[in-house]
Amino acid sequence: MALQTFRQEYLQMPPVTRAYTTACVLTTIAVQLELVSPFQLYFNPKLIARQYQFWRLITTFLFYGTVNFTFFFNLIFTFRYCRMLEEGSFRGRTADFVVMFLFGGISMIFFALFVHLMFLGQAFTIMLVYIWSKRNPYIRLNFFGVLNFQAPYLPWVLLGFSVLLGNTVWVDLMGMAVGHVYYYLEDVFPRQPGGFKVLVTPQFLKNLLDGNPDDPDYVPSMEDRPGGFNWGEREPDEDN
């Protein structure tokens, strides 16, 4: 029964969120079982250019480290905010969501050439959180039952928490910077006088992924939002 319930929940996840989180989990399991080594996964421009190890352009986003608190913390935030974006502002727009993934990944790889980061999964998570927070500015959140704040402060709270865990500040700052650039290009600049849409999703990608679009005015209710833990969670009395 538990296996069937898990299967149903798994299949109900939106496709991009399901594919990405599954890839992250499988990559971590493969490292834990010593089927692959982290040295085969990290971002290395020289090995990519000279030995054509192009898979590193993808695997750098899939490995969060060994299975510990930091791994579960990052995975939960990745799943939660990736799903809320895909089921919220990107509902019925899977192709646009994939374009956001590609924009974020390519931008981070470019920046990684200068800041020498080997794994970019955490930065990608922060990017997802940042975009969600900018699109939901009036939602109040609760972090570990201690801090209460508006959604736009969540990336900064996570930055402070990451520093307390001993992580480098550049990872989170990169994710926030890329998230802000995407938000500006997609949500701000097109609405300015003389502005236009910079990130245009190819029509073939829409035909392939979107199918029949849902109501573009759909806004998920509390019941439609994925469940989670009380870190980065909406306060229960928000609608009271």
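**Note on the predicted structure**

1. Of the 240 residues in the protein, 46% are buried. The model under review is a predicted one. The chain forms 10 helices and 3 strands. Read from the N terminus, these elements follow the order α-α-α-α-α-α-α-β-β-α-α-α-β. Among the contacts that link residues at least 6 apart in sequence, 69% join residues at least 24 apart.

2. The largest nonpolar core holds 51 residues, and within this core Met-100, Phe-101 and Met-108 touch the most other members. Two or more residues are contributed by each of helix 2 (15–32), helix 5 (69–87), helix 6 (94–115), helix 7 (121–135), strand 1 (140–143), helix 8 (154–164) and helix 9 (169–188). Helix 7 supplies the largest share of this core, with 9 residues.

3. Once its neighbours within four places in sequence are set aside, Met-100 is in contact with Phe-90, Met-127, Leu-128, Ile-131 and Tyr-182.

4. Helix 2 comprises 18 residues. From its first C-alpha to its last, helix 2 reaches 26 Å, close to the 26 Å expected at 1.5 Å a residue. The buried residues of helix 2 are Val-16, Thr-17, Tyr-20, Thr-21, Cys-24, Thr-27, Thr-28, Ala-30 and Val-31. Their cover includes helix 5, helix 6 and helix 7. Just after helix 2, Glu-34 adopts a positive phi of about 60 degrees.

5. A search of the whole structure returns 20 of them. One is formed by Tyr-20 and Phe-101, whose rings are edge-to-face at 5.5 Å centre to centre, with 85 degrees between the planes. Because Tyr-20 belongs to helix 2 and Phe-101 to helix 6, this pair ties together parts that are 81 residues apart in sequence. Tyr-20 and Phe-101 are both buried.

6. Tyr-20 also pairs with Phe-124; this pair is tilted, with 5.5 Å from centre to centre and 55 degrees between the planes. Phe-124 lies in helix 7 and Tyr-20 in helix 2, so the pair ties together parts that are 104 residues apart in sequence. The relative accessible area is 9% for Tyr-20, which is therefore buried. For Phe-124 the corresponding value is 3%, and this residue too is buried. Tyr-20, Phe-101 and Phe-124 are among the members of one aromatic cluster, which also includes Phe-61, Phe-90 and Phe-97.

7. How many disulfides does the structure hold? The number is 0. In the case of Cys-24, the closest cysteine sulfur is that of Cys-82, and the 9.1 Å between them is too far for a bond, because a disulfide requires sulfur atoms within 2.5 Å. Cys-82 is likewise in no disulfide, its nearest cysteine sulfur being that of Cys-24 at 9.1 Å. Cys-24 counts as buried, at 0% relative accessibility. Cys-82 also counts as buried, at 0% relative accessibility.

8. The UniProt record, an unreviewed entry, places the feature "transmembrane region" at residues 20–42, 54–79, 100–133 and 153–173. Two of these spans can be set beside the model. Residues 100–133 are 85% helix and 0% strand, and the end C-alpha atoms of the span lie 15 Å apart. Residues 153–173 are 76% helix and 0% strand, with end C-alpha atoms 14 Å apart.

9. Is Leu-154 buried or exposed? Leu-154, which has its place in helix 8, is buried, because its relative accessibility is 0% and the limit for a buried residue is under 20%.

Definitions and conventions
Residues numbered from 1 in each chain as written. Predicted model: local features only at pLDDT ≥ 70, side-chain atom pairs only at ≥ 80, totals over all residues. Heavy atoms only, no water. Core = buried A, V, L, I, M, F, W, Y, C linked by side-chain atoms within 4.5 Å. Buried < 20%, exposed > 50% of the residue type's maximum accessible area, 1.4 Å probe, protein only. Helix = DSSP H or I, 4+ residues; strand = E, 2+ residues; numbered from the N terminus. Contact = heavy atoms within 4.5 Å. UniProt positions renumbered as here; feature names shortened; annotations may be inferred. Expected span 1.5 Å × (residues − 1). Phe/Tyr/Trp six-rings, centres within 6.5 Å; stacked < 30°, edge-to-face > 60°.
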